[in-house]
Amino acid sequence: MPTAQSSALLPRHLAIMLLLMLGSSFAANHIAAKVALDHGTGLIISVILRSAAASLALSVLLIWRKQALYVPRPYLGWQLLLGALITVQCMLIYSSIARIPVALALLVANMYPILLALLTWVLGGHRPTRKTAIIMVAILAGLLLALDTPSLIKGATVDAQWILGVVCSLLTALAFAIGLWITENKLAPLPGLVRSFCTISQTLVCLIALSPLGLLPGGSSLPHDAVGWIALSLVCVLYTTGFVTLFVLAPRLDMTRNAPFMNMEPVASLILGWLILKQTLNSTQLLGGAIVLSGIVALAYRRTPRT
């Protein structure tokens, strides 16, 4: 007899369709962010407004569900660390998409499953199996192709901003992997809605506090034309809609089976980047991207070793 939880699951074809739409929504959010940045929007102000919109939506959910906003003392330090990591991650991914094609930035940032697996092993968790190790090596090889390493070896000139963009994406993956490890191993007993609200609200508070310091030139500047304002509005709407929808529907989407379909994000960003931003990747990079995405999906489907 099916359990109450399983009966509440959406039909798999509908769940997959929703996850593909959510991945596309997050990709469109990054495309809109790139447009907003190109039209004078400061990096810090972009993340502040996005975080404010998401915090407002989550606060409405808290009130609607009558969820007490309380973090027990044993989890407080880990929650603060998680908020700091997500703040850094948000700044890094926006810094990356400002310098390199959005699809490439998201592709590199999606290396976090490898980093999470290695981090879990180093900190006393399961050692990656031989199959997992082979997949990781394949992903790394694909990443080298996606970064067009063969051309670099042949002596192609490398722009300093391009290098900085790639480094920011790699650090984004690292920050997110650490954040996931903390979430899974230190904050699992904390209600997801409370954890999400505290994390995004902390990001908002941190960025508001940092904005007067002028750490980034023009970081707090507003858009200088209508296109910039429209793009900035879309950043807030797309991110908040995608994040809240994913949070509300996650228990019904069977994420254990269907999470790999969220990897639609880099694919959608490649298509949207080509259509809207005229950003393109060469054939070698596309091959590398396909290898990386295939490896990530295979990694997501791997079986966890028994204890």
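The model is predicted. Its largest nonpolar core has 76 residues. A search of the whole structure finds zero disulfides.

**The nonpolar core**
- Seven residues have the most contacts inside the largest core: V47, L58, Y94, I97, M111, I139 and V292.
- Helix 2, which spans residues 12-38, gives the most to this core. Its share is ten residues.
- Leaving aside neighbours within four places in sequence, L58 is in contact with L193, S196, F197, I200, F243 and V244.

**Helix 6**
- Helix 6 runs over residues 112-122, and its buried residues are P113, I114, L116 and A117.
- What do the buried residues of helix 6 pack against? Their partners are helix 7 (130-146), helix 9 (160-185) and helix 14.
- After helix 6 comes G124, which has a positive phi, near 100°.

**L281 in its loop**
- L281 lies in the loop between helix 13 (264-277) and helix 14 (283-300).
- Is L281 buried or exposed? L281 has a relative accessible area of 17%, so it counts as buried, because the cut-off for buried is under 20%.
- Leaving aside neighbours within four places in sequence, L281 is in contact with P101, L270 and L286.
- L281 and D148 are 133 residues apart in sequence. In space, they are 9.2 Å apart, C-alpha to C-alpha.

- C168 is in no disulfide. The nearest cysteine sulfur belongs to C90, and it is 13 Å away.
- C168 is buried, because its relative accessibility is 8%.
- A disulfide needs the two sulfur atoms within 2.5 Å.
- C206 has a relative accessibility of 26%, so it counts as partly exposed.

**The database record**
- UniProt, in an unreviewed entry, places the feature "domain: EamA" at residues 15-146 and 166-299.
- The span of residues 15-146 is 82% helix and 0% strand.
- The end C-alpha atoms of residues 15-146 lie 30 Å apart.

Technical notes: Residues are numbered from 1 along each chain as its sequence is written. This is a predicted model: local features need pLDDT of at least 70, side-chain atom pairs count only at pLDDT 80 or more; totals for chains, interfaces and linings use all residues. Side-chain values use heavy atoms; hydrogens and water are left out. A nonpolar core is a set of buried Ala, Val, Leu, Ile, Met, Phe, Trp, Tyr and Cys residues joined through side-chain atoms within 4.5 Å. Buried means under 20% relative accessible area, exposed over 50%, partly exposed in between (1.4 Å probe, protein chains only). Helices (H or I, at least four residues) and strands (E, at least two) are DSSP runs, numbered from the N terminus. Contact means heavy atoms within 4.5 Å. UniProt positions are given in the numbering used here, feature names are shortened, and annotations may be inferred rather than shown by experiment.
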